[in-house]
Amino acid sequence: MSKSKKQLDPIPEIFASIEESANFWDSHSTIDYDDLMHDVHFNVDIQRRTVLVPIESSIAEEIMAIARQEGLLLENLVNLWLREKLVERGNLS
């Protein structure tokens, strides 16, 4: 069946939830609605910043082992410990 003859479900004006939108697009192809699509331009301001800090290898190995035992990502464990230390010192609430 050609695209011009294919009966398409209309795209809802507003989806009631993210789940409703996801369900619609899980069962429909954006290719079928290409004539309704248009380019959108926007700016993204990502606030997260990564800081690299050298750590002695023996200390890093111990921290990695603890993270594995706790079922945490290394970065999450390190951030948790640093946050706890800052709270303890009164530098962070």
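Mentor: Let's talk through a pocket, a histidine and a helix.

Mentor: This is a predicted model, with local features needing pLDDT of at least 70 and side-chain atom pairs 80 or more, while totals for chains, interfaces and linings use all residues. Numbering runs from 1 along each chain as its sequence is written, and side-chain values use heavy atoms, leaving out hydrogens and water.

Trainee: What's the volume of the largest pocket?
Mentor: About 500 Å³. A pocket here is an open set of points on a 1 Å grid over the protein atoms alone, where a 1.4 Å probe fits, with protein on both sides within 12 Å along at least five of seven lines. The volume is the space filled by probe spheres set on the points, which are joined across faces, edges and corners.

Trainee: Which residues are closest to its centre?
Mentor: Val51, Val53, Glu75, Val78 and Asn79, out of 16 lining residues, meaning those with an atom within 4 Å of a point.

Trainee: And which element gives the largest share of the lining?
Mentor: H3, with five residues. Helices are DSSP runs of H or I, at least four residues, numbered from the N terminus.

Trainee: New topic: where does His28 lie?
Mentor: In the loop between helix H1 (18–26) and H2. Its side chain makes a polar contact with the side chain of Asp9 at 2.8 Å; that's an N or O pair within 3.5 Å, one able to donate a hydrogen and the other to accept it, and residues adjacent in sequence count only if both atoms are side-chain atoms.

Trainee: What comes just after H3?
Mentor: Gly90, with a positive phi of about 80°.

Definitions and conventions:
Helices (H or I, at least four residues) and strands (E, at least two) are DSSP runs, numbered from the N terminus.
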